[in-house]
Amino acid sequence: MSLSSPPPILSVRPSRALVDEAFEVLVENLAPVSPFTLRSLHHSEDGDDWEAYGHYFSDHSGRVSVSEDLSFGGTYSGMEPMGLIWSMRPVPGSRTGLRLRKKDVTTPMLITVSLYNGHEDFRGNSPLVSMVTERWYMGPGIQRIEISDEELRGGLFVPPGPGPFPGILDLWGGGGGLLEYRSALLASRGYVCLALEYFKTGQMKSTDMSFEYFEVCGRFMTLNLSFFTFKFFLCGSVLGPNIISKPPGKTLSGEFNKIRVDENNHQIWRDVGLALLKEPSMKVDVAKINCPLMLVNGCDDQNWCSVETADDISKTMDAAGKGHLLTRLDYPDTGHLIEPPFSPHCVAGNFMVYSSNEKVIQRYGGKTKPHSDAQDDSWRKILSFLRRHLYCSHRARM
Amino acid sequence: MDEKHSCVTLSVQPSRGLVDEKFVILVQNSFPSSLLTIYAHHQCEDGNSWHAFAHYTSDAAGAVNVSEDCSMGGTYSGVEAMGLLWSLKPVPGSKPGLRMRKKNVQAPMVVTISVYSSHLTEGFGDQVPLAGVEVERWYMAPGVRRIPVTEDGLTATLFLPSGPGPFPGLLDLWGGGGQLVEYRAALLASHGIASMALDYLTCKYTMETGKIVEQDYFEMAYKFLQKHPKVLGSRIAMLGLSLGTSVILKMAVHSQIMKLRCAVCVSGSHVQPMDGFLKEMLDYFSKNCGNTRFTKDNEVVWRDLLLPIPIDLSLKVDVGKLQCPLMLIVGEDDQNWCAYESAMDMKGMMERAGNSHLLTLLSYPNAGHLMEPPYMPHARVSLFRDMQSRQKMMVLWGGQTLEHSRAQEDAWRKLLVFLRKNLYSGVKSGSSSLSNL
C-alpha cells in the first residue's frame with residue numbers, strides 16, 4: 001500500500017458488548033469490488049488460539065458490511081452478522097478436543113477482528129486494519145460473591161439496583177467444577193444467580209451428589225439473601241436436569257457399559273441414558289412437578305438422549321394432567337452443548353470421567369450452523385420464559 | 001411483598017459505550033400511566049457528585065423510552081435521548097464553579113441510572129428506587145494504546161488506535177488553562193486517528209525554566225508524529241480550542257516544517273501579534289486586560305480583550321494564505337473569546353483572497369466557549385486559574401445549556417466527518433467513496 005492511498009476504516013459496534021448481544025462489523029475506504037477476508041482471533045485463557053473468517057467482496061463504494069453482505073466461504077458462509085463469533089474454532093495445529101469456556105468472568109473475552117486482502121490466500125498477507133472488541137459475561141455493576149463455606153460452594157451474581165430480584169440456581173453437568181459464565185450472564189439480565197459447584201467439593205461436609213446438598217443450597221438462597229424473592233428457578237443442563245428430578249437418596253450410577261465409540265474413537269454416551277430410561281426406579285416421578293418446566297433438547301445429542309427423555313417426561317406429565325406445565329424445544333441437527341448465543345460449537349470435547357479420573361473425548365453432536373441458531377433461539381426463549389414466570393407472573397404478559 | 005417493586009425493569013443499551021455514543025434507556029413493567037422519575041448520578045474523580053433527573057409518565061404498557069418519550073420537567077424537558085448526561089449538574093450543596101473533566105481516561109465514567117416512583121425533584125437519597133443500573137462511558141475504545149511522550153523535550157500523551165496502523169495523526173491543543181488534557185485525544189484515537197495531546201503552557205520545559213515555549217516546540221511535536229512508525233506522515237491534522245486555535249492558525253500559515261492535511265479551530269481567534277509567538281500573544285492579551293468586564297455576579301468576561309478585530313495585518317494571521325482545509329467552530333454566546341467576530345473576519349479575508357473553498361464555518365447561536373465532545377455537561381461559568389496571575393477566578397464561558405449541548409453534538413459529528421474526509425480520503429479530494437456518516 002503506497003503512502004498516498006487511503007487506509008481502510010474498520011468499525012465494530014458496539015465495541016464492548018455482552019456475549020449475547022450482536023455487533024455490526026463494517027469496513028470502508030476499500031478498493032471497490034475486490035476480495036477481502038475478515039477474520040476474528042481470540043486467545044483463550046487456556047492458551048489456545050481460536051479463529052473464524054469469512055470471504056467478502058467490497059461493493060463499488062469500497063464497503064463491506066458483515067450484517068448485510070454475503071460471506072462467500074471461510075468458517076461460515078451466507079449472510080451471517082455474527083458468523084465471526086459462532087463459527088470460531090481452534091486454529092490449524094491446535095490441540096484436540098478443545099472447548100471454549102470462560103473461567104474468569106470478571107474480565108471480558110477479547111476478540112481481534114482483522115481485514116486481509118484476498119480470499120484463500122489471505123494468511124500469507126499482513127492485516128490491513130484490525131480492531132479489538134470486548135465481549136462480557138458480566139454487565140456493569142454486577143456483583144460477584146464467592147460462596148465458599150463448609151456446606152456450600154459456588155459463585156453468586158447480584159445485579160445492581162435495590163432489588164429484590166428473582167433468583168436462579170444454575171447447575172452444570174457431569175464435568176464438575178465451577179462454571180460461572182451462564183450465571184453472570186443471567187445476572188446481567190436481571191436475576192440473582194448462583195452457579196453451584198456440586199462435584200469436586202473438597203472439604204465439603206455433605207456427601208458428593210446427595211440430594212441434601214441441593215436442599216442446603218435452596219435454604220441458603222431463601223434465608224440468607226435479603227435481595228431474594230420467594231420466586232426461585234432451577235436452571236440445569238446435562239446432569240443438572242437429572243438432579244432436579246432425582247428422588248432423594250439415589251445417585252446416578254450409569255450403565256457405563258452402554259458407551260459406544262464413533263469412527264474417531266470419540267465416546268458416545270447417549271445409550272447410557274436410553275438404558276436408564278427403561279428403569280422406573282432410576283426416574284424421578286415427574287408427575288409430582290407443580291411448576292412450569294422448560295426442556296431444551298438437541299435432536300443430534302450424542303451425549304444424552306435428551307429427546308427420548310423429554311418424550312418420557314412429557315408422557316408422564318400428560319398422564320398426570322400436568323402437560324400444560326411443560327414447554328419443549330427440540331432443535332434439529334443440534335448437539336448436546338446448548339450454550340449462550342454465539343458460543344463456538346463444540347462437536348466433541350475433552351472430558352474427565354469423575355469416577356475413574358480417565359480423560360476421554362466425548363462426542364456431543366450437532367452441525368455448527370443449526371446448532372448455533374439453536375443457541376440463539378433457545379436463549380431468547382429461556383429469557384422470555386424466565387421473565388414470564390419470575391417477573392410479574394400475576395399479569396398476563398407475552 | 002410489594003409486587004410493584006419486583007416488577008419494574010430498567011435497561012440502558014449499550015451498557016458500556018464510548019462517551020460520544022448514544023444510548024437507549026428503557027423502563028418496562030411499571031403500572032400503566034404511572035408517574036416516574038428517571039435519575040442519573042455520577043461521582044467524579046475529584047469526589048464531587050453530579051445528578052440529573054426527568055419526569056415521565058409510562059404508557060399503556062407500563063413502559064418509558066427516553067429516546068421517544070417527552071420529559072415533563074426536571075433538569076431537562078422534551079424528547080432528549082441523552083438529556084440525563086448533558087444536563088448533569090452538581091448536587092445541591094456543592095462548591096460553586098465546578099466543571100466536569102475526566103483525568104484518568106483508562107477507566108470509564110460510571111453513571112448510575114435509577115427509576116423512582118412519582119415525580120421527585122429532591123430527596124433521591126432518602127427513597128428506594130424501583131430499579132437501578134450502572135452504565136459505563138469510555139473515552140478509550142478497546143485496543144487503544146496510551147503512550148506518555150517525554151522525548152524531544154515534549155510533555156505529551158499519544159493515543160494509538162487499535163490495530164497495526166499506520167494511522168493518520170493529529171496534534172491536540174487545549175487552551176489557556178494549561179495542563180495535559182487527554183480525553184479528547186483518547187476519543188479521537190477511538191475513531192482511528194493517532195492523536196497526541198500536547199501540554200504547551202505547563203510543560204516540563206516551562207515549569208523548569210519559567211519560559212514560554214517557542215514555535216519549535218510545536219514543530220518538534222509535529223516531527224515526532226511525522227516520523228512515528230505508526231503514523232502516516234503525510235496525513236497529520238491539528239485540533240485546538242481557545243488559545244490552541246491561535247497556535248494552530250499561526251503554524252498552519254507560517255510554519256515551514258508543518259504541512260497540515262487539515263485544521264480544526266474551536267472557540268478561538270486569529271488576532272495575535274505577528275511579530276513573535278506564544279509569549280508575545282500572552283503579553284498582548286495582558287496589555288488589553290483593561291477590556292475585561294465583570295457580570296453582576298463578579299464573573300470575568302474576557303471576550304472584549306481582542307475587540308475590535310484589527311484591520312492591521314501585523315495583528316492577525318493572514319488566513320488568506322492558508323493552503324489546507326480549515327474548520328472553524330464557534331459559539332455565538334462565547335463570553336471568553338470573540339470567536340464569532342474573529343470567524344466572520346477570517347471568512348471575509350479568505351473570500352477576498354480566493355481560498356474560502358477551504359473554509360467550513362460552524363456557528364452556533366446560544367452556544368458558549370467550552371465546546372466539548374457531546375453529552376458532557378455544559379459549564380456556563382467555572383472556576384479558572386489564570387496562567388499569568390496564578391489567581392483563581394470565576395470565569396463566564398457563556399452558552400445556554402440546551403442549545404450548547406445540541407451544538408456540541410452537531411459540531412462533534414461534523415468534526416469527525418471533516419477529519420475522516422481529509423485524513424482518510426484518496427490524494428485527490430472530493431472523493432465520494434465514504435458512506436453517509
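A salt bridge is a side-chain nitrogen of Lys or Arg within 4 Å of a carboxyl oxygen of Asp or Glu. By this criterion, three salt bridges link domain 1 of chain B and domain 2 of chain B. The model is predicted. Two interfaces are described below, one inside chain B and one between the chains.

Chain B was assigned two domains. Domain 1 spans residues 5-138, and domain 2 spans residues 145-424. Their centres, taken over C-alpha atoms, lie 32 Å apart. The contact between them draws 22 residues from domain 1 of chain B and 29 residues from domain 2 of chain B. About 2,000 Å² is buried between the two domains. Carbon and sulfur atoms give 62% of that area. On the domain 1 side, three residues lose the most area to domain 2: Asp20(B), Trp86(B) and Arg99(B). Together they account for 34% of what that side buries.

Charged groups also take part in this domain contact. Seven residue pairs are in polar contact between domain 1 of chain B and domain 2 of chain B, with both residues at pLDDT 80 or more. The side of domain 1 that touches domain 2 contains nine charged residues. It also holds 11 nonpolar and two polar residues. A salt bridge joins the side chains of Glu80(B) and Arg406(B). Its N to O distance is 2.7 Å.

The size of an interface is often given as the accessible area lost when the parts come together. Between chain A and chain B, the buried area is about 3,600 Å². Carbon and sulfur atoms give 55% of this area.

The count of salt bridges between chain A and chain B is one. It pairs Glu28(A) with Arg420(B), and the closest N and O atoms are 2.9 Å apart.

Terms used
Residues are numbered from 1 along each chain as its sequence is written. Chains are lettered from A and ligands numbered from 1 in the order in which they are written. This is a predicted model: local features need pLDDT of at least 70, side-chain atom pairs count only at pLDDT 80 or more; totals for chains, interfaces and linings use all residues. Side-chain values use heavy atoms; hydrogens and water are left out. Domain bounds come from an automatic or database domain assignment. Contact means heavy atoms within 4.5 Å. Buried area is the accessible area (1.4 Å probe) that two parts lose on being put together, summed over both. A polar contact is a pair of N or O atoms within 3.5 Å; within protein, one must be able to donate a hydrogen and the other to accept it, and residues adjacent in sequence count only if both atoms are side-chain atoms. Ala, Val, Leu, Ile, Met, Phe, Trp, Tyr, Cys and Pro count as nonpolar, Asp, Glu, Lys and Arg as charged, and the others, Gly among them, as polar.
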